[in-house]
Amino acid sequence: MRSCRDITALVSQGLDKKLSLGERLAIGLHVMMCSSCRNFQSQSQFIRRAAKGYIKNLHHQPDNKTET
Ligand SMILES: [Zn+2]
């Protein structure tokens, strides 16, 4: 059984790189039993998605040069 510290570290790593099956299993098993890590995981994923969307918007800014 991995500690919460291990799991949150793995979750953070998983945002930037692909985790091994064993690592993903460890996270999955842990979050089934640990609500704080489950919250951490969903928050991290939410922030990650939000950040990705923000970066996407930065690159797709419409040209506001239509002055009359
Ligand atoms: Zn935990």
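With a relative accessibility of 6%, Leu10 counts as buried (under 20% relative accessible area; exposed is over 50% and partly exposed lies in between, with a 1.4 Å probe and protein chains only). The model is a predicted one, in which local features need pLDDT of at least 70 and side-chain atom pairs count only at pLDDT 80 or more, while totals for chains, interfaces and linings use all residues. Residues are numbered from 1 along each chain as its sequence is written, and side-chain values use heavy atoms, with hydrogens and water left out.

Leu10 belongs to helix α1 (helices are DSSP runs of H or I with at least four residues, strands are runs of E with at least two, and both are numbered from the N terminus). Leaving aside residues up to four places away in sequence, Leu10 touches Arg2, Leu19, Glu23 and Ile27 (contact means heavy atoms within 4.5 Å). Glu23 and Ile27 are also among the buried residues of α2, together with Ala26, His30 and Val31. These residues share one side of α2, because they cover an arc of only 120 degrees around the axis (taken from the directions from the helix axis to the C-beta atoms). Their cover includes α1 (4-16) and α3 (35-59). The other side of α2 carries the exposed residues Leu21, Leu25, Met32 and Met33.

Helix α2 itself runs over residues 21-33, and its 13 residues reach 19 Å from first C-alpha to last, close to the 18 Å expected at 1.5 Å a residue (the expected span being 1.5 Å times one less than the number of residues).

The zinc ion is coordinated by His30 through NE2 and by Cys4, Cys34 and Cys37 through SG, at 2.0 to 2.3 Å (donors are N, O and S atoms within 2.8 Å of the metal, or 3.2 Å for Na, K and Ca; water is not among the atoms, so sites may look incomplete). The arrangement is tetrahedral because the 4 donor atoms subtend angles of 102 to 113 degrees around the zinc ion (for four donors, all angles must lie between 85 and 135 degrees). For four tetrahedral donors the ideal angle is 109.5 degrees. Along the sequence, the donor residues follow the spacing C-x25-H-x3-C-x2-C. Leu10 and His30 lie 20 residues apart in sequence and 11 Å apart in space, C-alpha to C-alpha.

Conventions
Four donors count as tetrahedral if all angles lie between 85 and 135 degrees; four count as square planar and six as octahedral if opposite donors are over 155 degrees apart and all others between 65 and 115; anything else is irregular.
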